[in-house]
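Here is a structure to look at for the first time. The questions below ask how each label was reached.

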Amino acid sequence: YMPSDATFFDNGMNIDGAHQHKNLVTGDPLWKGGEYFPQTWPYALEEETNARVIQDQNLVDTKFLFKMLKSIASQKIQLKKKQ
């Protein structure tokens with residue numbers, strides 16, 4: 001539960017979906033974030049309940065992991081060739 005006068009704080013990391021998709025800046029009231037900060041107590045707002053949230057991208061996915069493993073493997077091969 002967030003108080004009705006709570007405000008958004010931008011920590012500069014650009015990982016908050018509300019910051020990216022709702023253009024929130026430090027000091028904006030949380031209610032401007034809509035479905036990212038839904039009113040759940042004592043009553044949900046129908047507009048927020050029915051909103052379609054844009055899913056945030058995973059920072060690390062399967063494609064990224066394979067790319068990283070391939071890079072590590074190629075570096076080890078290059079080191080062995082130099083020795």
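What follows is a set of questions and answers on the terms used for this chain.

Q: How do you know which features of this model may be described?
A: This is a predicted model, in which local features need pLDDT of at least 70, side-chain atom pairs count only at pLDDT 80 or more, and totals for chains, interfaces and linings use all residues. Residues are numbered from 1 along each chain as its sequence is written, and side-chain values use heavy atoms, with hydrogens and water left out.

Q: What makes up the chain, in helices and strands?
A: There are 3 helices and 0 strands, in the order α-α-α from the N terminus. Helices (H or I, at least four residues) and strands (E, at least two) are DSSP runs, numbered from the N terminus.

Q: Why is H3 said to lie largely in the open?
A: Buried means under 20% relative accessible area, exposed over 50%, and partly exposed in between (1.4 Å probe, protein chains only). Of the 21 residues of H3, the number buried is 0, so the helix lies largely in the open. Phe66 is in helix H3, and its 58% relative accessibility makes Phe66 exposed.

Q: Why is Asn23 called exposed?
A: Its relative accessibility is 60%, so Asn23 counts as exposed. Asn23 is found in the loop between helix H1 (17-22) and helix H2 (46-49). Its phi is near 55°, a positive value in a residue other than glycine.

Q: What makes the pair Asp28 and Lys32 a salt bridge?
A: The rule asks for a side-chain nitrogen of Lys or Arg within 4 Å of a carboxyl oxygen of Asp or Glu. The side chains of Asp28 and Lys32 meet at 3.7 Å, N to O, and the count by this rule comes to 1 salt bridge.

Q: Are the two partners, Asp28 and Lys32, buried or partly exposed?
A: Asp28 has a relative accessible area of 12%, so Asp28 is buried. Lys32, at 39%, counts as partly exposed.

Q: Which residues make up the largest nonpolar core?
A: A nonpolar core is a set of buried Ala, Val, Leu, Ile, Met, Phe, Trp, Tyr and Cys residues joined through side-chain atoms within 4.5 Å. The largest has 6 residues: Ala6, Phe8, Ala18, Leu24, Leu30 and Tyr36.
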